[in-house]
Amino acid sequence: MTRCPLCKHAATLFLQDKKRAFFDCPQCAFVFVDPSDHRMPSNSSTPIQSYGRQQKAAQQRQATQFVLPLLSQLSDLTGDNLLGLNFGHSLDQHCIDKIQASGHQLLQYDPFKATEQAVLQQQYDFVCSYKVFESFKRPLNQWALLSSLVKPQGWLAIGTALLTDKSHFAKWHHKNNPAHVSFYQHKTFEYLATQGQFKLLFAAKELVLMQKAANSGIKPILI
Ligand SMILES: [Zn+2]
């Protein structure tokens, strides 16, 4: 039996294409590639190299376009200077300088590179992650880590293409990228919000925004 890597419920075969088998979960609506079809074991360097190749100027620009408006909106909500973590594609120094000049601080962590672990030892006013969730091969671990990094009443912003119509999944270009192994529906984030004591504020197209409950008992995970 294949179990959902996000909630451990029994999953069912959803689609078999020429290259990979996809399962979906009736409990959390997560759709995932059969782990035996992952291109390489999780400790292989290949996904890292693949991810690195993608990390070009255009992608950095996209990540910047994701983070800056988000930061501006969160800042308007609180009126405070914010401490954030960018979990994923690194932003360029120009962007970081711009954020610092506006009184905020953004630390960065690239989950596919052995970068500074110390940034995972504290909590943040907000954590943002752009186009990374689709590459998670152990989504439950990554979710546990990310949700632990957010302060009570802090925000978690996720940039990933939501699966909105399963009937079009077979032809969905996002699914055909071999680096993409995890696909989320609106219901998946509803499930995660409940599990992680978050309020799901927004989930549409390519942005998911959650706010952690004030009384969340989730503690930081010590790495
Ligand atoms: Zn599930």
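Guide: Helices here are DSSP runs of H or I with at least four residues, and strands are runs of E with at least two, numbered from the N terminus. By that count the protein chain has six helices and ten strands. Keep in mind that this is a predicted model.

Visitor: What order do the strands of the open sheet take?

Guide: Six strands form it, in the order β5-β4-β6-β7-β10-β9, and the pairing is mixed. In general, strands of a sheet pair through backbone hydrogen bonds, either parallel or antiparallel.

Visitor: What makes β5 and β9 edge strands?

Guide: Each of them pairs on one side only. β5 covers residues 105–109 and β9 covers 198–204. On average, neighbouring strands of the sheet are turned by 15° against each other, with direction ignored.

Visitor: How do you know that β9 and β10 pair?

Guide: Two strands pair if DSSP finds at least two bridges between them. β9 and β10 (residues 207–212) have six bridges, in the antiparallel sense, so they count as paired. Within this pairing, K199 stands opposite Q211 in β10, and the bridge partner of F202 in β10 is L209. The hairpin of these strands has two residues between them, and K205 there takes a positive phi near 50°.

Visitor: Which other residues have a positive phi without being glycine?

Guide: Among them are A29, with phi near 65°, and Q153, with phi near 70°. Most residues other than glycine have a negative phi. A29 lies in the loop between β2 (21–24) and β3 (31–33), whereas Q153 is in strand β7.

Visitor: Why is A29 called buried?

Guide: Buried means under 20% relative accessible area. A29 has 8% relative accessibility, so it counts as buried. Of the 223 residues of the protein chain, 48% count as buried.

Visitor: Which helices lie across strands of the sheet?

Guide: Helix α2 (residues 57–78) lies across β4 (83–87), β5, β6 (124–130), β7 (150–159) and β10, running at about 155° to β6. Helix α4 (residues 139–148) lies across β4, β6, β7, β9 and β10, running at about 130° to β7.

Visitor: Where in the chain are F14 and F169?

Guide: F14 is in strand β1 (residues 12–16), and F169 is in the loop between β7 and α5 (173–176). The two are 155 residues apart, and their pair links distant parts of the chain.

Visitor: How do you know whether F14 and F169 are buried or partly exposed?

Guide: The limits are under 20% for buried and over 50% for exposed, with partly exposed in between. F14 has a relative accessible area of 26%, so it is partly exposed. F169 is at 0%, so it counts as buried.

Visitor: What makes F169 and W172 a tilted pair?

Guide: Their ring centres are 6.1 Å apart and their planes are at 50°, so this pair is tilted by the rule given above. Both residues are buried. Elsewhere, F23, F30, F32, F87, Y109, F133, F136, Y184 and F189 form one aromatic cluster.

Visitor: How do you know that the charged end of K166 sits over the ring of F14?

Guide: NZ of Lys must be within 6 Å of the ring centre and within 35 degrees of the ring normal. The charged end of K166 is 4.8 Å from the centre of the F14 ring and sits over that ring.

Visitor: What else is K166 in contact with?

Guide: Leaving aside neighbours within four places in sequence, K166 is in contact with F14, D24 and Q185. K166 is in the loop between β7 and α5. Its relative accessible area is 30%, which falls between the two limits, so K166 is partly exposed.

Conventions:
Residues are numbered from 1 along each chain as its sequence is written. This is a predicted model: local features need pLDDT of at least 70, side-chain atom pairs count only at pLDDT 80 or more; totals for chains, interfaces and linings use all residues. Side-chain values use heavy atoms; hydrogens and water are left out. Axes are lines fitted to C-alpha atoms, for helices over the stretch in contact, and angles run from 0 to 180 degrees between N-to-C directions. Contact means heavy atoms within 4.5 Å. Buried means under 20% relative accessible area, exposed over 50%, partly exposed in between (1.4 Å probe, protein chains only). Rings of Phe, Tyr and Trp (its six-membered ring) pair if their centres lie within 6.5 Å; planes under 30 degrees apart count as stacked, over 60 as edge-to-face and the rest as tilted.
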